[in-house]
Every structure is written in structure tokens, then in C-alpha cells.
Amino acid sequence: MALFYGLLSLARYWTAPVNTQANIDLNPSALPAYALFSVARIAVAYFLSLAVSVIYGYVAANSAKAERLMIPLLDTLQSIPVLCFLPGVMISMVALFPTTQLGVELGSILLIFTGQVWNMAFSVYSSLKSIPREMLEAARLYRLSWWQKLVQLELPHMAIGLIWNSMMSVAGGWFALMVCEMFVLGNRDLRLPGLGSYLQTASNAGATRSIVWGLIAMVAVIILIDQLVWRPIIAWSEKFKFEQVEASESPGSPVLNFLRRSKLLSRIASVSVAPAREALTLYFARGDAVPQAAHHERNLAKWTSWILAALATGGVLYAVGKMGLMLTSLARSDLRDIFWGAGATFLRIELTLVLAALWTIPVGVFIGLRPKLSAIAQPMAQIAASIPAPALFPIVLLLLIRVGGGLGIASIVLLLLGTQWYILFNVIAGASAIPSDLKEVCETFHLSKIQRWRKLILPAIFPYLITGFVTASGGAWNASIIAEYFRFRNQTFSITGLGAVISRATDAGNFPVLLGATIVISAMVVTVNRLIWRRLYTLASTRFKLEFT
Amino acid sequence: MNRTRADELQTILGQGGWDRAVAILQRLDPTVAADTFMSMPYEDQQVLFRRLPIELAAKLAPIFPYYHTFVLLHSLSKDQMIAVVEKMNPIERSMFLDELPEGAWQQITDELSEHQPAASLAGGVSISVQDRAAAPMQPIIEARWIEKAFQRPDGGQIQVIAPTNLSVEPGVIVALLGPSGSGKSTLLRMLSGLTAPSAGEVLWHGKPLSESTPNAAIVFQSFALFPWLTVLENVEVPLLARGVKHAERHRRALRTLHSVGLKGFETAYPKELSGGMRQRVGFARALAVEPEVLFMDEPFSALDVLTAENLRGELMELWLGKKIPTKSIFLVTHNIEEAVLLADRIIVLGRDPAKVRADFRVPFPQPRERNSAEFLLYVDYIYKLMTQPELAAGPPAAADREVKKSYRMLPHARPGSIAGLVELLNDRGGKEDLYRIAEELLMELDDILPIVEAATLLSFVKSEHGDIELTSSGKAFAEADISTRKVQFREAALAHVTLLQQMNSALQSKSDHSMPVELFRDTLDEHFSDDDVQRQIETALNWGRYGDIFAYDSENDRLLMHQPNLADH
């Protein structure tokens, strides 16, 4: 019933005329409805990303030709901070549906989608590519139809990676949501009812109580989703684990146990899902017949792929041409802004990473070496990390303005908020994975504290640290867009930085600058990834791996 | 001494001049002829032996080692074999028979007496040519000149499997034996239709694969079960693919599971089962579709010895008891005893590129006893066959091979293992049967062969007809202390290993005495596949480091010249 009512009100709301000055009700009693709106947005975007990522990954993994184009594209798209897409997506959507709320709504969903889809698609692709050869051979030899192969081999094989990436994606979705529910585009102030706009409005009004309520609601929603959705799914996905021996300890979930025990559900499944699957599989089964039309089909497929390739190339060329034209209108001062900003942001981000490492390494190692403590600290760090950084920005800003200190410090604090958790829990994981015999060796040789750190702890956590840094660095570039430029109670705070350039261009609707800055930021992210992180990653996975094989 | 004559013969055979070859052999002194004959590739020996006139065959046969004679005789049709034996010089014949192990003696005397009437009726001489191909059955699979080559990125080609003809007849278990990396699995995949050959074609019942749907199943070494499906669901997978309806599918899967002894495990997941049980599921899945040919790719190698033995026994029970409708089993293995235990016909594959070295029947009945004399005879025979250095077979393509020879494949063996083998031989008085050593060390031929090859390459040992013997330098090496050993190893390696010579001279001539390994990798790339290059570099680094020829900086992937004055003092 509640679900039905919710759907109905969502539908009614979407078809309502566009309101540029939505009043966000700061009363806590409005929060459940706002939470529902936000969750619905994320859910729609998530299912969209799921479908697209499975199709994208499937096509890229199954066609060598498509693979050559699709994977580098994915790699690049993955490293463009999601907020760079904001103005483009929003303007096109609002232009498509100028009269209804649907346009803005679709825009925000599309934006969340762009924040979620890439890593999922990559996960699908790499799982499909890593299916053991002999399994594929079994599937071919026994002539499994494409449908049976998908259901019985490919989907199960990609399940675990896809689920973990889904969790990460949804967390990224919250990040995007916080920003895209309320933003200024040129002279239009667009607002969508939701948790993100609630928090922003509250902090603009300086209503501390409302901010606290909003945060509580958000953490509650995140924890609820974790417990009601992700835990059961992870516990259920255990059976897709590709292991030869059964793990002694496996994650459980009371919710899943409840669902499994539910007689009603299993009866529903046995009369609906099972027969449908049977019928579908039998429908697609080729039986003993020799495929006859194969030749004809292949011809057709060849033609379609040619046409698609031609269309795609045409589209890309057109877009590149347009972009080139747009870039020529950049003034010299704009260019200077962009490049100065890029340098400033780069330094700021590296400084943030260093600061984060300075406190998280000792703390993380301290926690990680004590199993009892890490059992408590690990989930807490996870919750802390799951709160999207933009949600906290207004509060930090509020505090800093009260204490004093400009946006220079504030932006670094903001970046820290968005990045440190990844490093922290990777360090905890690394420290707790140090084998006890190696620790005992240090004991027996009476290694001093410094020696112990140099010879054992730092090398042992190195791979984990790098993993943390890679995630943190990506997050930091993304966060820099909102951390360097802030509108607060009708005032604008900003400092030199690429993020500020992007935000300002978004506000002013200055597309050439936005495009130029986006290209520069993507290029920097890709370069930094290639030149620094990927090399360190290789080093970590070869020399510092705690394995002797 | 006979090398040139053997080469000449080889060339003639390469051109298909069988009759000319026979004529040459006839002209030679019998001992020389036998020697020349023996030095040829086994695969050619068999064909040639069948073409020899009875008189010549009878003259040469007693000169060969007894095991060789025994197997060659059995590559003939029964009548022809008897004719040859009867034509032998009586003294030589009794000497040959006396030499045979008991079981083999029993068998051959049985065969002789069994056919006595027929043979005497026919006068023991006139044997029609048709008898040779005694009632050939229509083969299920026929491979015609299939080969496999991979394109290198630089445009060159790497031949993995040389053009090969092969057929699989109904009613037999065929075992394909060969050292690891010899392309056995690739051959299996080409026969089953999983991979297409680069050239040639595979026929099933006389029709090319593109026009037929072969009813085949494979049992994989890694089981290749779907871990997320229960045992029952796993077995149902191929049935579902054929569109078998639910009730029927269920019934057939249960029946198959029952027959492999998995009753009661239907709802278990593969990861809950032991390796042996998992492979039973693998068998059940393969047998569920009632395949005409059951392919098995090293099905027992991932299992422990006892489990493997047990499963082999059960498989034979199903096969011999005709409890499965399967018409033929094609087994790929590197385990010689397994092949002799199970197979009716054994095909031995050579390496680089893969080609058939020998193809013979194992004539004695099932069930076979592992310690029976004839069993051991065959095992011994195959050992000798596989350890005999491969002679270049087929038409010689001189220029091409010359390049290859300078880059002989380095056997993948560690210096420590080589030293171990040499020491063991020294303890045994310097000479031992390879088969015995392998048995004693509980090593499979596949593991010990590279070590022997390496020791031979370094001329620490020499091997002949399955025996290995310590050379004088090998003896010195065995008795030396560690630092002297390193010096000896260095000398031997630099004298015999081209790659190490090149590395050494490159390092000496460079002013900074350092060299990127990538360079050598690139050079090797032109001759070998990626995996082989990887293995060879690894071996070369191991040897070079052991012999103090150079140091290796793994971080920068560079070779550094070893500085003796730094290391020694």
C-alpha cells in the first residue's frame, strides 16, 4: 500500500509543472518524504546503470572490435569527475522537457547514473573476460544457448564483482545526489525535493537543528539500505564465490534468513520464476539441430555492426568538431585561469593526501594490529565513509567561518573529509593482514620501533595504502569541484583552483570554459593515474605482495 | 658414423620414397642397416617396418633391442608378425624370445601357437597386403593434415602442431601421450571441434565439422563445474541445452549420478565435495548426454594417487561392462602408466612442433596388472621412446632449422635439481635406468625429463636408450664442494648454452657492464612462443645467477656483470 501510494505521489509530482523556486520545508517531519524522493532517484539511476553496464560490458567482452574502442573510452569516462557532466546533462534535459518537473528530475537521475555506471561496466567486462577457459569450452561443447550461457555462467560469474561495485556506485550516487538536487544554472535556481536540497537549504539558513536532523535521516537511510539491501545480497551472493573450498566463515544476514524461510515467497518463486526460467531456457535451447541460418545471420550482424560503427564514428567526429569550435572561443585569460587552477588544485589534492596519510597511517596501524579494536573501528569507518562528503560541507564551512580561517583551509578540510576514510580503512585492513609469524620474527630479533616500521609494517601495508590512495585521489578530484567554490547565504566563497573554475563556469553557463576545464581535469586525472598510481600499483602487487608464489 | 646414411634415408623418406629406402636397407650389411633403421624417428620406423619384405624384417628384427622388436612386431598384422617370427634365424629367434620378460614371452608364444595352423596352411610366406589393414572399421573421427600455427605480432608464425593425420575408431580407448606443452590439449580441442585447425580438416563420420553436430563430451582436468549450481543442476546443464524437458532431464541426470556413485549428493554444491567427488560430477555431466566420443583432458592429474586409481578403475568398469553408450574414449595424459593401463591404442606426441612419434596398439587384455611383465615392458618401451632425443622428422627445411638450432630450447630445470640428479647418479655408480630413477623419486616423467635434458645439455650426463650415465665432468661436479661446483657449472653453461654465452659476452663488451633483459626477450621472441620465452629467460637467469655469470637486478630488469673481486673477498 505504502509503496503504491509512494509511486502514485512520485508520478503526480513528476508531471507537475517545473518550479524554479521550490520551497524546501525545514521541518523534520518532512524528512521521510524527502528521503523517499532521494532514494527513489538513486534507485532509478541504479537500475538504469545496472542495465547499461551489463549491456556495455557484455558487448565489449564479446566483440574484439568494439572492445578496442569501448574500453579506452570507459577508462577515460571513469576518470572524468561526475560533476563536470552536470550542466550539460541538466540543460539538455530541461530543454527536452521544458514544462514539467520531469526534465530536472531526469537530469538529476542521469547525473547520478553517470556517477555510477562506469565502474560497474568495467566490473562486468573484466568478470566476463576472466571466466576460466575450460568453463567456456564446456559451454561451447555442450552447445549452451546464449541465454543459458548468460543465466548459468556469465551472470553468476559477474555477480560478486558487480555487487561490490554496485555498493561503491550507490555511495557515489549519494555524492552526486547531494549536489544535483539543488543547483544554480545560469540564472535559474533549480531545486528538487530531497535530502540533498534539504541539507543545503538548512545550512544556507544556518538552521543547526535542521542540519543535524537531516544528517541523522541520511545516516539512517544509508544504514537501512545497507542492512536491508546490501547485507542480504552479499550473503546470498556467497554461492557465486569462485572458490574450491568452503570458507569457514561466511557473512550472514538475518534478513536473508527470514526471506529464505518465508514459505509464501518460496511458493511465489516456485510458481512464477522457476517455470518462466524453464520455459525461456527451453525456448532458446537449440536441441540437436544444426544451426542453419548461421551464415545469413552473420551477414546481417556484420552489416548492423558496420552501420553502428559508422554512426558512432560520425557522432564522435561531429562532437569533436563542435568541441573544437567551442574551444576556439576561449579567451587567453580563461586559459590562464584553467592552467593556474589546475596546478593549484593538483597541489591542494596532493597536500590533502599527504595530510590524510599522516594521521591515518599511525591510527590505522594502531587499530589494525589490535583485532578487537578493529572489529569495532572498521564498521564505524565504513559508516563515516558512506556519508557523502558534500553533505558535510555546509557544516564544516559553518564551523570554520565561526572559528575564522578562509576557504583555503576550509577547502583542504573538505577534501580531507571526502578522502581520508578510504585510506584509513585500507590501512586498517593492511595492518590486520600482517601474518603473526612475521610479527613474531620482529619480536625475537628485538627490532626497534623504527626498524619494525621500516622493515615490516610499511612494506606490508604498502599495497593497501596504494589502493586507498587511488580511490582517495579519484574522490578528491571529484570533491575539488565543490570544495573550492561555495555559495553560502548569498555570498560566494572561492579560491584559485580548477574546481572553482568549473563551478563558476557552471553558474555562469559559460560552456567553452567548462569544456576546456573538463578536458584539462580529465587529462590530469588520466595522466596521474597512468604515471603515478598504476606504476605504484604494479610495484605493490609484485614486490610487496605477501605471497611466495 | 651412420649419421650421414641415416640423414640420407631420412631425406628419402621425407620425399615419400619408401620403396627406395627399403632398397637401400636391403643393400646394407644387416647390422649397419639395423643401426640406421634405429636412428630414425620412431614414427617412420613403424611405417617402414611394415613395408619391409618379410626376409629383411626377419633379418633385422633380432638385431634391435628386444623391447623394440616386440613393439615393432605388434605394429604388424598378426599374420604378418607370425611370418616374420617364423622367418627369423632359429638361434636368433630363441635368443630374442629368451630375452623377453615372462609376460611378453607368454603372450608372443600364445599368439604364435594360436595361429600355427593358419600359418602352416599358408605356408608361412604368402601374406596378402590387405591383411595388414585387418578389417578397418569406419572411423568416427578422422583428422586430415590438421595443423596449428599462431601468428606472431611481428608477422612470423609459430608452428605448434605439425600437419597430422589421426583417426579415432569405435570400440577403443585412445591415449594421447606427450610431454607437457607438446600440444596434446590443442589436438584434443581440434578433434572435438572446440578449436579450428589452422589448416586441414576434421571429419566426423566422414562429414566436416561445419556440417555436423558431433556428439562429444569432455572431462576437464580442472573439472570446470559451475560452482553456483548444485551437483544435479550441473549434470542437467548439457541436457537443458539440448532442450530436454524437466521430468525427463531430472530422471536422466539422476540415473547418471547414480551410475558414477554420487547418489545422495544431488543437492550438494561442488565446493562441498572432495576433488575425486568433483571429478565424478565432471564424469556424470559428460556421460549425461550419452556422448559418442568421450574426450578426457588429463582427467586424473588434479587428484591424489589413490583417488585417481579408484576413479580409473570405476571408469574401466563402466567402459568394459558396456554400461555407457560411449563408442570411443580419447584420453590425453602425460602419465605413461595411466596410458598403458587404460588404452587400447597409444599415440606418442613429440614436441616443437607437436607431431606423432609413435602410434601403436596395446594388445593385452583388460583388466591389466600394473606389475605384470608385459605392462612393465610397454611402460619401459614408452619411456625409452620419449627419452630418446627427437630426431628431426619429416621433410628437412634446412635453412629454417639452422636458425632454430642456435637457439635450442633451454630445458626448464633448476641448478639444484640438476645437481641432485647428478649426485644421485654418482651414488648409484654412475649409471641408472631412467624409469627406475623416476619411480624412486616418485616423479613423473614430465618432471624428470627437463632435468635430464638439462644435465645432458651441460654434458654432465649422457643418455641412451633410457639409461643415463654420468660423464667425467659430471662425476667431478658431483664430488666437488659448493664453490668449485659453481665454477664447474659456469664453465659448462658457458660452453654449451647459447643464450648464456650471448648474455655473458654482451655484458663483457658493454662499458657499464649492464644489460636490459628485455633485449634477450626480444631476440627469443622471434623463435618461441610467449610462454616459452618467459620460461627460458627464467631458466637462464637461474643458471646465470647460480653459476656467478651475472647478477640480476629484478627491479630494473637488468643483468649486471658479476664482479668476482667483490663477491669472493
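Author: Helix axes here are lines fitted to C-alpha atoms over the stretch in contact, and the angle between two of them, from 0 to 180 degrees, is taken between their N-to-C directions. The model is a predicted one. In chain B, take helix H19, residues 415-427, and helix H21, residues 445-457: their axes come within 9 Å, with a crossing angle of roughly 80 degrees. Because angles of 65 to 115 degrees count as roughly perpendicular, H19(B) is described as roughly perpendicular to H21(B).

As for the residues, H19(B) contributes Ser417(B), Ile418(B), Leu421(B) and Val422(B) to the contact. On the H21(B) side, they meet Ile451(B), Val452(B), Ala454(B) and Ala455(B). Sorted by class, this contact holds 7 nonpolar residues and 1 polar residue, with no charged ones.

The setting is chain B, with its 27 helices and 16 strands. Of its 569 residues, 37% count as buried. Of the contacts within chain B that join residues at least 6 apart in sequence, 73% link residues at least 24 apart.

Chain B also touches chain A: 24 residues of chain B are in contact with 29 of chain A. On the chain B side, strand S6 (216-219) and helix H12 (231-241) each supply at least two residues. The largest share, 4 residues, comes from H12(B). By class, that side of chain B has 16 nonpolar, 5 polar and 3 charged residues.

Terms used. Residues numbered from 1 in each chain as written. Chains lettered and ligands numbered in written order. Predicted model: local features only at pLDDT ≥ 70, side-chain atom pairs only at ≥ 80, totals over all residues. Parallel < 35°, antiparallel > 145°, perpendicular 65-115°, else oblique. Contact = placed C-beta atoms within 7 Å. Nonpolar A, V, L, I, M, F, W, Y, C, P; charged D, E, K, R; others polar. Buried ≥ 20, exposed ≤ 12 C-beta atoms within 10 Å, placed from the backbone.
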